[in-house]
Amino acid sequence: MRHLLVDDDSAGQRLDNFLLRELKGAPKTLVYRIIRSGEVRINKGRAHADSRVEAGDDVRVPPLRLSEPTVSTAPPREFPVRFEDEHLLVIDKPAGVAVHGGSGVSHGVIEQLRRARPQAKFLELVHRLDRETSGLLLIAKKRSALTALQDQFRQRETGKTYAALVIGAWPAARKVVDVALHKYLDAAGERRVRAVEADHPDGRRSVSLVRIAQTYADCTLLDVTIKTGRTHQIRVHLLNEGHAIVGDDKYGDFALNKALARGDAPAAPGCRFERMFLHARRLAFDHPATGERIELEAPLPPECTALLSHLRPAAKPAAAPAPAP
């Protein structure tokens with residue numbers, strides 16, 4: 001028999017997740033089988049997959065023949081840091097980098113950070129950003145910080161605001177988008193999202209608050225604050241209002257995206273732009289240890305500010321006629 005001692009960083013974790021982390025190379029089916037069979041004990045007592053372990057617990061595991069764990073081949077990489085202490089890390093993720101590996105992606109931010117910081121005992125994503133979205137990304141350095149921060153996200157106690165450049169003139173009166181979203185897989189097995197009626201059986205209520213930051217002749221720069229955190233929420237909400245995000249390769253205007261990539265789009269002549277214009281620019285949360293409210297900002301990346309500088313300015317409103325003499 002093998003005995004695992006639960007440390008402070010693992011306290012509060014589900015037994016199945018604790019074992020999957022400790023038993024490197026163990027298939028999930030094996031972990032769940034030994035739990036169901038009663039071969040795994042916590043402090044000599046029978047336990048279930050959703051049992052919570054506490055610091056100091058003794059977890060007894062039967063002898064297992066495991067394959068050698070796969071060694072990560074992710075290249076080590078650090079990212080621009082906006083905040084860091086012993087509990088958490090906030091980076092400014094560039095566009096084009098996935099937050100984690102999977103679905104045809106060999107590695108992402110978290111695997112690269114772990115390789116760059118081999119001395120770190122714990123590094124876990126608190127939330128996610130789409131691969132083509134840049135901006136603030138929160139990473140926990142302790143399990144206690146992870147659970148506290150994820151609770152804040154579930155309770156919607158965090159503040160997340162994105163800068164999004166959309167095609168066309170966004171109506172100033174449209175400040176709230178409250179439209180249910182449905183996530184599904186298309187024929188190719190790719191994850192997609194669409195807007196549905198509020199009473200759709202698979203729809204989930206989704207709310208985005210929208211404010212105009214700047215208007216241009218052909219586009220509008222928006223500040224979008226999400227009250228819910230659904231997959232592709234901002235992209236689909238803005239598209240559903242008739243204003244796709246510039247550069248969006250899933251839901252956007254593909255002809256415009258290609259013209260921008262070539263640098264010959266009439267909306268921004270002479271400027272090449274090859275990403276989606278969606279940037280997580282502001283993040284607010286309560287520090288998991290001190291309770292202090294933390295508010296962070298990430299400026300727009302240079303390629304986004306360059307595009308804005310090439311956009312044609314909005315026409316000035318016509319002057320009111322002079323009063324009759």
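Colleague: Which residues does Gln 152 touch, not counting those up to four places away in sequence?
Modeller: Glu 157, Thr 158, Phe 285, Asp 286 and Arg 293. Each counts as a contact because heavy atoms lie within 4.5 Å. This is a predicted model, where local features need pLDDT of at least 70, side-chain atom pairs count only at pLDDT 80 or more, and totals for chains, interfaces and linings use all residues. Residues are numbered from 1 along each chain as its sequence is written, and side-chain values use heavy atoms, with hydrogens and water left out.

Colleague: What makes Gln 152 count as buried or exposed?
Modeller: Its relative accessibility is 7%. Buried means under 20% relative accessible area, exposed over 50%, and partly exposed in between (1.4 Å probe, protein chains only). So Gln 152 is buried.

Colleague: Where is Gln 152 found?
Modeller: In helix 4, residues 143-154. A helix is a DSSP run of H or I with at least four residues, a strand a run of E with at least two, both numbered from the N terminus. The protein chain has seven helices and 16 strands.

Colleague: And Val 59: how do you know whether Val 59 is buried or exposed?
Modeller: The relative accessible area of Val 59 is 0%, so Val 59 is buried. Val 59 sits in strand 4, residues 58-61. Beyond four places in sequence, Val 59 is in contact with several residues, including Arg 2, Leu 4, Phe 18, Val 40 and Ile 42. Lys 44 is 15 residues away from Val 59 in sequence and 7.9 Å away in space, C-alpha to C-alpha.

Colleague: What share of the protein chain counts as buried?
Modeller: 42% of its 325 residues.

Colleague: How many cavities of 30 Å³ or more does a search of the whole structure find?
Modeller: Two. A cavity is a set of points on a 1 Å grid over the protein atoms alone, where a 1.4 Å probe fits but cannot get out.

Colleague: What volume has the largest cavity, and which residues line it?
Modeller: About 40 Å³. Volume means the space filled by probe spheres set on the points, with grid points joined across faces, edges and corners. The largest cavity is lined by Cys 219, Val 246, Leu 256, Leu 260, Ala 267, Leu 307 and Leu 311. They count as lining because a lining residue has an atom within 4 Å of a point.

Colleague: How far apart do the centres of the positive and negative side chains lie?
Modeller: 2 Å, for 50 positive and 41 negative side chains. Lys and Arg count as positive, Asp and Glu as negative; His and the chain ends are not counted. Each charge is placed at NZ of Lys, CZ of Arg, CG of Asp or CD of Glu.

Notes:
On a 1 Å grid over the protein atoms alone, a cavity is a set of points where a 1.4 Å probe fits but cannot get out, and a pocket is an open set with protein on both sides within 12 Å along at least five of seven lines; lining residues have an atom within 4 Å of a point.
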